[in-house]
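Dear colleague,

Please find the structure below, together with its sequence. My findings follow directly after it.

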Amino acid sequence: MTGCESGSLVKRDIPAEIETLTKYFQDAIETVKSHELISQAQGYLEEGKTQITPLTDKIQEHAEKIQEQMKPFVSDIEKQVRPIADNLQAQFMPLVDKMQAQFKPLADDLQAQMEQLFQTVVDQTKALLPPQ
């Protein structure tokens, strides 16, 4: 029976080894395929970059031309708006200064009253406390 048992073990080990080898080769093939895919993807990216670079250069060139063409227009608008803005500021600053002059004494008075009220509350609280 010993001979039968050893033959049986050999038959069982061979399929396991074949399966291990098959798995190894499948993994190796997948690794090669993934490297090929990465290489292809990098090639496509480089090709796309080569095709897009001239377009981006043209777009940049057009943007610079448009900016140059717009400068006189923007400058003209600024020349028209600047006096209006300066005039508004000149008109409103005296009003702002006048309002500040009127509100400052009120704010100072309110602050003095609040400080006095706080001091009164502190004094009354101290008066309610037992002597130490």
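Lys 104 and Asp 108 join their side chains in a salt bridge, with a distance of 3.3 Å from N to O. Both residues belong to helix α1, where they stand four residues apart, about one turn of the helix. Lys 104 counts as exposed because its relative accessibility is 51%, and the cut-off for that class is over 50%. Asp 108, with a relative accessible area of 37%, is partly exposed. Please note that this is a predicted model.

In total, the structure holds four salt bridges. Side chains of opposite charge can pair when their charged atoms come close. Another of these pairs is formed by Lys 23 and Asp 27, whose closest N and O atoms are 3.1 Å apart. Lys 23 and Asp 27 are again four residues apart in helix α1, about one turn of the helix. Lys 23 is partly exposed at 47% relative accessibility, and Asp 27 is partly exposed with a relative accessible area of 37%.

A further salt bridge links Lys 65 to Glu 61, and here the closest N and O atoms are 3.6 Å apart. Lys 65 and Glu 61 are separated by about one helical turn because they lie four residues apart in helix α1. Lys 65 has 45% relative accessibility and counts as partly exposed; Glu 61 has 43% and is likewise partly exposed.

Turning to the chain as a whole, how many helices and strands does the chain contain? The chain has one helix and zero strands. The radius of gyration of the chain is 45 Å, well over the 14 Å that the globule rule gives for 132 residues, so the chain is more spread out than a compact globule. Along the principal axes, the C-alpha atoms fill a box of roughly 115 × 80 × 15 Å. The helix, α1, covers residues 2-128.

The surface values are as follows. Of the 132 residues, 0% count as buried. The chain exposes about 12600 Å², and carbon and sulfur atoms supply 64% of that area. As to charge, there are 13 positive and 21 negative side chains. The centres of the positive and negative sets lie 3 Å apart.

The surface also carries a nonpolar patch, formed by Ile 66, Met 70, Phe 73, Val 74, Ile 77 and Val 81. Together, these residues have about 540 Å² of accessible area. Phe 73, one of the patch residues, is placed in helix α1. Is Phe 73 exposed, partly exposed or buried? Phe 73 counts as partly exposed because its relative accessibility is 48%, which lies between the limits of 20% for buried and 50% for exposed.

Finally, His 62 is also found in helix α1. His 62 has a relative accessible area of 47% and is therefore partly exposed. Between His 62 and Asp 76 there are 22 Å in space, from C-alpha to C-alpha, and the two residues are 14 residues apart in sequence.

With kind regards

Technical notes. Residues numbered from 1 in each chain as written. Predicted model: local features only at pLDDT ≥ 70, side-chain atom pairs only at ≥ 80, totals over all residues. Heavy atoms only, no water. Helix = DSSP H or I, 4+ residues; strand = E, 2+ residues; numbered from the N terminus. Rg over C-alpha atoms; globule rule 2.2 N^0.38 Å. Buried < 20%, exposed > 50% of the residue type's maximum accessible area, 1.4 Å probe, protein only. Areas by Shrake-Rupley, 256 points an atom, 1.4 Å probe, with all protein chains shown as cover. Lys, Arg positive; Asp, Glu negative; His and termini not counted. Charge placed at Lys NZ, Arg CZ, Asp CG, Glu CD. Patch = residues over 30% accessible without salt bridge, like charges linked within 9 Å, V, L, I, M, F, W, Y side chains within 5 Å.
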